[in-house]
Amino acid sequence: MNRLLAVCVLLVLVFRASPAQHDRPAEADTVDEEVRFGLSAGIEDSPLAELLATEPAPSAPVIELRSRLTEHLEASDGYRNGTYAGSRMKSYQRVRFTPSDHLSAGLLLEKDPGERKFDDFATGYLALRRIGPFRTVLLGDYIVESALGLALWRGADVGKGEDIAGAVVRKERGIVPHFSSDENTYFRGAALGMQFGGWSVNLFTSRRGVDASVNALGEATGIYAAGYFRTSGEEAKRGALGERLYGATAHVQDPRGNTFGACLYRSLYARELSLDAGARFSGKRAAAASCDYHWRSGPWDLFGEWGIANGSPGGNSCARLKAAQGVDLVAALRYYPYRFVSLHGNGFGEHAGMSDEKGVYTGIRLASARRWSVAGYVDLFRFPGGVPSQRFAGGGSDRFLQLEFQPAARCAVALRYASKVTLQDLLVRDGAGLFATQQASSSRRSLRLNIDYRTFGGVHVRGRWERTMLSADSSGSAGHGMLVLAELTAPSAAQFWWNARITIFRTTSYEARLSAYERDLEGATSMPVLYGEGLRWSCVIRYAFSKAFVCSVKYTEEVRDDVKRIGTGPDRLPGNELGTAGVQIDLAL
């Protein structure tokens, strides 16, 4: 509580230092300012846009340096008993060199808490851009994005939400340098991108060790995506599945902007890869091929990607209609058979992996230019099952509705309702003692109210109330959860920028957990999962000594009142409080 009192005092001082009413910008009362703050800005602070900014801007400095250190202040049992070999420090060190618009290079070194080496994960690249017909010549680590992501895509993307089209409408970037701490979804080798009139062609090859779990027979049984290498067991998974890959994409665009393309890649593994005991995939070779289209006709956009992976056909098709100004309609159909295994794809779906799923998605968004918008979607999905890892079929539905409006020039309000129902066929005995299948269902509903207000001095005030309700949790009884948060944020252009948030939460179980994006050090993202009963608060401060030198600090503390010790196993803490401190320095030369 002493830490909480300290941050409250800090907030009072910061708020007193904020610009007064007479210091506000002259254009603050214009309609454009209202629209930027309210409806078009969106209620969520998703960090995805920042995470995708992997390429330097045309006006980027010649040398950019970023150094970030973060540490949990309380040591868990894993550090006390020696289970974790390294320190609690998380380190992120990055340098990028951009001497011209045609040349860039970067190197990133990262260490997770518990890992021993400062450079436990290292990634880098050297890229040439826009030289004659060559759009990209790249050596090092990179990703390839093609069409709707059926065969090739990055590891993260927009999920279902208030942007009804964001989850299904993709905008590929082709060959992109890998310049993040994601330790899984990238290639290592060489890539070449060419442009000939309306034709664009990408050629690429890669050779790297993929982190994977290996059984006693020497077979890789699954990709290890956690990225932690703190123990000998985790270290044994590092690079355990050697992969050699080569592939190509080709697209042609006509004068009206219609696009047609194809994608192909083939992988060779150093050991047998066996998924679901070999029922879903088994072998040392994998391949995927797809064709895609994007056809524009008046207010209609028709696009899709269909292909073959592991010998099974699958894909998705989408239609988007901008019926009138402020009216947006989207519909999508997807079909991924159980044996459809696209290890480097990330298409739209209810769960990751694009396997054993079929569904229909429809969404609508209605917006006024000034004051209100309504967005909603319905997603119906089915997991056919019938395999050893999932003996019986499952499925469900996902429904979402949000009303967003501006009751005043500097105020935005959003009311959201979401409901997800899951169905699962179970094996039960009937009255005669015979086995029969019976369908069981569970539901999760949530209601959220957001209120955003911007003061005349530019300070952003945000409040949220959210409640979630479960038909049944792991104990078999109905569950629920509640979250209330308040947040203050300084104007983004301020030399001295700050953000402070306090969140109170209470849930009956982990299944009723709640989460919310939390401001973090620039370039990082935080979305804590909150369950049990307690309080979490955070404070971020950034000071720009100049355009070339920026320093940031963050402190977060979470207190759980329902337990004496937080966590389990080697991650169990000595008490019910967890504090985390971080500092970051950005230099531009």
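Visitor: Which strand holds Trp199?

Guide: Happy to start there, with a note that this is a predicted model, where local features need pLDDT of at least 70, side-chain atom pairs count only at pLDDT 80 or more, and totals for chains, interfaces and linings use all residues. Residues are numbered from 1 along each chain as its sequence is written, and side-chain values use heavy atoms, with hydrogens and water left out. Strands are DSSP runs of E with at least two residues, numbered from the N terminus. With residues 199-210 in its run, the strand that holds Trp199 is S8.

Visitor: How far apart in space are Trp199 and Ala250?

Guide: Trp199 itself is partly exposed at 47% relative accessibility, a class that lies between buried (under 20% relative accessible area) and exposed (over 50%), with a 1.4 Å probe and protein chains only. In sequence, Trp199 and Ala250 are 51 residues apart. From C-alpha to C-alpha, the distance in space is 7.2 Å.

Visitor: How many salt bridges does the structure hold?

Guide: A salt bridge here is a side-chain nitrogen of Lys or Arg within 4 Å of a carboxyl oxygen of Asp or Glu. By that rule, the number of salt bridges in the structure is 31.

Visitor: How many residues apart are Glu110 and Lys90, which meet in a salt bridge?

Guide: Their side chains come to 2.8 Å, N to O. The pair links distant parts of the chain, with Glu110 in strand S3 (residues 103-111) and Lys90 in strand S2 (residues 89-100). Glu110 is buried at 2% relative accessible area, whereas Lys90 is partly exposed at 30%.

Visitor: Where does Lys160 lie, the partner of Asp398 in a salt bridge?

Guide: The side chains of Lys160 and Asp398 meet at 3.0 Å, N to O. This pair, too, links distant parts of the chain, 238 residues apart, with Asp398 in strand S19. Asp398 is buried at 7% relative accessibility, while Lys160 is partly exposed at 23%. Lys160 lies in the loop between strands S5 (134-145) and S6 (174-177).

Visitor: How many bridges join S18 to S19?

Guide: Strands count as paired if DSSP finds at least two bridges between them. S18 (residues 372-383) is joined to S17 (residues 357-367) in an antiparallel manner by ten bridges, and Gly363 has Tyr377 in S18 as its bridge partner. S18 also runs antiparallel to S19 (residues 394-408), and the number of bridges there is twelve.

Visitor: Which residue in S29 is the bridge partner of Arg68?

Guide: Strand S1 (residues 63-72) runs antiparallel to S2, with nine bridges, and Arg66 stands opposite Arg94 there. S1 is also joined to S29 (residues 577-588) by nine bridges, again antiparallel. In S29, the partner of Arg68 is Gln584.

Visitor: What is the phi of Ala277?

Guide: Most residues other than glycine have a negative phi. Arg130 in strand S4 (residues 121-131) has a positive phi of about 50 degrees, and Arg130 is exposed at 52%. Ala277 sits in the loop between S12 (259-275) and S13 and is exposed at 78%. Ala277 also has a positive phi, of about 55 degrees.

Visitor: What is the relative accessible area of Arg285?

Guide: Arg285 is found in strand S13 (residues 281-297). Arg285 is exposed, with a relative accessible area of 53%.

How values were computed. Helix = DSSP H or I, 4+ residues; strand = E, 2+ residues; numbered from the N terminus.
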